[in-house]
Amino acid sequence: MATASEKINTQEYPINMMGIVAPLVGWLVPGAGHLIQKKWIRGLLLLISVSVMFFLGLMMQGHIYTPNTGDVLEMLGFVGDIGSGGLYMLGRTMDWGQGAINIAAADYGTKFIIVAGLLNIISAVDAHQIAIGKKS
Amino acid sequence: MNTHLELSHFTAAVLFALCASIVFGITQKEGVREQVRYGAKSFMWFVVGVIVGGWFLWILKH
């Protein structure tokens, strides 16, 4: 017999317009998906955390990956970086993060930038869940 | 970017842990109390992991 914790949640959460807009806006500008749903504190904390991580990575001479079909790790690096949305576009536009990685701190910086992108994707998914009512 | 920042390994790891823990806390739990608790717990485990990993590598080297 299934216990309460083992029961599968069968409740449906229909997609609405906010459910589409919030993750897109949240991807473009970290935390904005929460801010447009009036989750001010959460939105600001996400904006600060993801942005600080991205810019710390750049200041540590981290590398921003460009679209590539070379090494698998470089392709994955690009996938992580693109998660930062607007920050990635800003970095590419300003030609930031194009130096050669030859010190340990720069390698850390590269990881900071990738993880900032991945955290931003988690934030965008969270904004979607709030929008469809799956999370408060 | 022209600004150069040189952080120690530990400082970099703590800053990484701080930013990641805030996002984890907000996105993985519901309710302020649970979010703060989960964020703090994540941060603690990140830092404990760094210290334990550091000592493990030190033991391997010696």
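As the model is a prediction, local features need pLDDT of at least 70 and side-chain atom pairs count only at pLDDT 80 or more, while totals for chains, interfaces and linings use all residues. Residues are numbered from 1 along each chain as its sequence is written, and chains are lettered from A and ligands numbered from 1 in the order in which they are written.

**Chain A as a whole**

- Chain A holds 6 helices and 0 strands, where helices (H or I, at least four residues) and strands (E, at least two) are DSSP runs numbered from the N terminus.
- Along its principal axes, the C-alpha trace of chain A spans about 55 × 35 × 25 Å.
- Of the 136 residues in chain A, 44% are buried; a residue is buried if 20 or more other C-beta atoms lie within 10 Å of its own, exposed if 12 or fewer, and partly exposed in between, with C-beta atoms placed from the backbone.
- Among contacts in chain A between residues at least 6 apart in sequence, 72% join residues at least 24 apart, two residues being in contact if their C-beta atoms, placed from the backbone, lie within 7 Å.

**The nonpolar cores**

- The largest nonpolar core has 32 residues, of which A:Met53, A:Phe54, A:Phe112, A:Ala116, B:Ala20 and B:Val23 touch the most other members; such a core is a set of buried Ala, Val, Leu, Ile, Met, Phe, Trp, Tyr and Cys residues joined through C-beta atoms within 7 Å.
- Two or more residues of this core come from each of helix H3 (40-59), helix H5 (86-93) and helix H6 (104-131) of chain A, and likewise from helix H1 (9-28) of chain B, with H1(B) giving the largest share, 9 residues.
- Apart from this core lies another, of 9 residues, including A:Val25, A:Ala32, A:Leu35 and A:Ile130.
- Leaving aside neighbours within four places in sequence, A:Ala116 is in contact with A:Val50, A:Met53, A:Phe54, A:Gly57 and A:Ser84.

**Where chain B meets chain A**

- In total, 16 residues of chain B are in contact with 23 residues of chain A.
- On the side of chain B that touches chain A there are 11 nonpolar, 3 polar and 2 charged residues; Ala, Val, Leu, Ile, Met, Phe, Trp, Tyr, Cys and Pro count as nonpolar, Asp, Glu, Lys and Arg as charged, and the others, Gly among them, as polar.
- The axes of H6(A) and H1(B) come within 10 Å and cross at roughly 10°, where axes are lines fitted to C-alpha atoms, for helices over the stretch in contact, and angles run from 0 to 180 degrees between N-to-C directions.
- H6(A) and H1(B) are therefore roughly parallel to each other, since angles under 35 degrees count as roughly parallel, over 145 as roughly antiparallel, 65 to 115 as roughly perpendicular and the rest as oblique.
- Residues making this contact include A:Phe112, A:Val115 and A:Leu119 of H6(A), and B:Phe16, B:Ala20 and B:Val23 of H1(B); by class, the contact has 10 nonpolar, 2 polar and 1 charged residues.

**A helix pair within chain A**

- The axes of H4(A) and H6(A) come within 6 Å and cross at roughly 55°, and the two helices are therefore oblique to each other.
- The contact is made by A:Gly77, A:Gly80, A:Asp81 and A:Ile82 of H4(A) together with A:Ile113, A:Ile114, A:Gly117 and A:Leu118 of H6(A), which by class are 4 nonpolar, 3 polar and 1 charged.

**Two loop residues with positive phi**

- A:Lys38, in the loop between helix H2 (32-35) and H3 of chain A, has a phi near 60°, a positive value in a residue other than glycine, and A:Lys38 counts as exposed because it has 7 C-beta neighbours inside 10 Å.
- A:Gln61, in the loop between H3 and helix H4 (72-82) of chain A, has a positive phi of about 70° although it is not a glycine, and A:Gln61 counts as buried because it has 23 C-beta neighbours inside 10 Å.

**Two methionines of chain A**

- A:Met59, in helix H3 of chain A, is partly exposed, with 19 other C-beta atoms within 10 Å, and its contacts beyond four places in sequence are B:Met1, B:Thr3, B:His4 and B:Leu5.
- A:Met18, in helix H1 (residues 17-28) of chain A, is partly exposed, with 18 other C-beta atoms within 10 Å.
- The C-alpha atoms of A:Met59 and A:Met18, 41 residues apart along the chain, are separated by 35 Å.
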